[in-house]
Amino acid sequence: MLAVASALKIDRIALAMATATALVTRLETREAEYRVQPHNIEAEQALLGAILVNNDAFYRVSDFLLPDHFFEPIHQRIFELTASLIRAGKIATPITLKTFVGEMDLGGLTASQYLARLAAEATTVINAGDYGRTIYELAIRRQLIGVGEDLVNVAYDAPVDMAPREQIEEAERKLYELAEKGRYEGGFQKFDAALYTAIDMAANAYQRAGGLSGISSGLRDLDQRMGGLQPSDLIVLAGRPAMGKTSLATNIAFNIAKAWRGERQTDGTIKTVDGGIVAFFSLEMSADQLATRIVAEQSGISSYKIRQGRITEAEFARLTDVAAQIEKLPLYIDQTGGISIAQLVARARRLKRQKGLDVLFIDYLQLLSGSAKNGQNRVQELTEITTSLKALAKELSVPIIALSQLSRQVESRDDKRPQLSDLRESGSIEQDADVVMFVYREEYYLKGKEPRPGTEEHNKWQIEMEAAHGVAELIIGKQRHGPTGTIALQFDADVTRFSDRADELRLPDRE
């Protein structure tokens with residue numbers, strides 16, 4: 001009996017040990033599944049200690065490091081208090097900080113003892129920047145994990161009315177916000193670095209066709225006045241309806257795409273040498289309407305004849321030839337209506353990453369929507385839009401040409417040439433834009449003022465109409481890099497095409 005009881009006792013012990021082992025294994029597996037997010041407590045302690053010992057260390061990290069970048073909550077609190085004291089012109093030491101930190105559970109240490117230990121374990125001021133970048137990069141990794149978790153959770157539990165495309169755009173927005181927030185590669189640079197950039201720009205202008213520092217618009221006089229379309233510039237092209245804003249934009253877009261030439265680099269990427277890869281956000285017209293307009297411009301066949309099918313066999317052959325040429329051009333069109341500025345920014349970034357991007361067109365500003373913040377009026381919304389577009393131009397290093405409507409006050413003046421004060425809905429357009437241009441055609445207004453035939457006024461009107469026929473004015477009302485003034489262009493209304501005017505000095509010698 002004793003032997004049996006002993007055997008049963010041993011079995012119970014073995015079972016208990018096996019159960020305990022299985023439980024431990026299960027707990028270890030669960031801990032492995034719930035991994036601790038990346039962090040470095042020692043680096044945080046060393047950096048905070050360095051700042052407390054020598055407040056100059058703070059200025060080595062203050063332009064990119066934020067309290068939220070610290071993993072440990074007490075370290076977030078200490079860094080925030082330290083920053084507040086130093087920026088207020090006071091000294092941050094363990095003694096001056098202890099009254100602000102308060103009582104916290106620090107593993108058996110008081111606040112004063114913990115601050116003293118931080119100072120004792122400090123790194124040197126020289127290494128403060130490296131420690132700060134380590135903390136920052138680990139924080140970015142943690143935030144990337146958060147974006148990934150949100151992406152998975154939303155994909156599982158997305159509302160019925162939420163399209164996957166919206167989720168992708170929201171994820172892209174968060175990722176780019178994360179990339180831009182707290183960047184530590186900015187700040188001051190030596191002037192010689194900027195000088196080298198300026199010399200490179202001049203060298204590129206010397207080598208590029210036309211001798212321009214920017215991208216050629218394909219319009220001679222405009223290029224001479226502006227030096228081409230400059231990277232990082234926000235260019236606003238404004239005008240009243242029927243002046244030809246969209247036509248001028250499509251003309252320039254086609255000219256740039258047609259001139260594109262690229263060279264493959266050693267890393268496999270293609271660098272633009274001339275012309276450019278063009279993106280065109282057409283918020284008003286559909287892609288097929290825009291395509292019809294471009295085909296009409298380049299073939300010389302009226303768009304209304306194309307739409308009505310009133311073309312000859314020879315004209316149709318010319319259309320197909322032009323279409324085949326356009327098909328090969330690096331010209332991308334997005335016809336989404338009612339797009340928000342956040343969506344536009346996300347799509348422009350995606351195109352830049354996937355295909356490349358050299359010039360961006362938007363037709364037109366007033367059809368974009370903002371972030372729809374509570375209490376935001378239209379003026380504030382447009383301010384957000386123009387500010388975002390200027391930031392995007394700098395980020396992608398491309399010129400952005402945004403079309404804009406003008407207010408109706410133009411029509412109430414005798415001289416209907418537009419002015420900067422006519423920009424519709426917001427002064428932010430004028431403020432944020434590097435260049436503001438207006439399209440004006442006197443012929444359009446004269447057509448509606450025809451006097452009774454046979455009168456002296458009618459004869460005078462005919463003379464004015466002949467002088468204004470086919471003439472368009474491109475008025476540069478603002479330019480950060482050069483002079484303002486007016487450029488005369490030729491406008492062919494039948495095919496909505498702008499081109500350079502031939503003046504007497506450029507005409508060939510006559511017999």
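Please keep in mind that the model is predicted.

Let's begin with the helices. Two packed helices are described by the angle between their axes and the distance between the axes. Here, look at helix α2, residues 41-53, and helix α5, residues 111-120: their axes come within 7 Å and cross at roughly 90°. That makes α2 roughly perpendicular to α5. Which residues make the contact? On α2 you'll find Gln45, Leu48, Gly49, Leu52 and Val53, and on α5 they are Tyr114, Leu115, Leu118 and Ala119. If you sort the residues of this contact by type, seven are nonpolar, two are polar and none is charged.

Now for the rings. How many aromatic pairs does the structure hold? There are six. Take Phe280 and Phe361: this pair is stacked, because the ring centres are 5.6 Å apart and the planes are at 10°. Phe280 belongs to strand β4, residues 278-282, and Phe361 to strand β6, residues 359-363, so the pair ties together parts that are 81 residues apart in sequence.

Next come Phe491 and Phe498. Their ring centres are 4.6 Å apart and their planes are at 45°, so this pair is tilted. Both Phe491 and Phe498 are buried.

One last thing to find on your screen: Phe58, Tyr59, Phe70 and Phe79 are linked into a cluster by ring pairs.

Note on methods: Residues numbered from 1 in each chain as written. Predicted model: local features only at pLDDT ≥ 70, side-chain atom pairs only at ≥ 80, totals over all residues. Heavy atoms only, no water. Axes fitted to C-alpha atoms, helices over the stretch in contact; angles between N-to-C directions. Helix = DSSP H or I, 4+ residues; strand = E, 2+ residues; numbered from the N terminus. Parallel < 35°, antiparallel > 145°, perpendicular 65-115°, else oblique. Contact = heavy atoms within 4.5 Å. Nonpolar A, V, L, I, M, F, W, Y, C, P; charged D, E, K, R; others polar. Phe/Tyr/Trp six-rings, centres within 6.5 Å; stacked < 30°, edge-to-face > 60°. Buried < 20%, exposed > 50% of the residue type's maximum accessible area, 1.4 Å probe, protein only.
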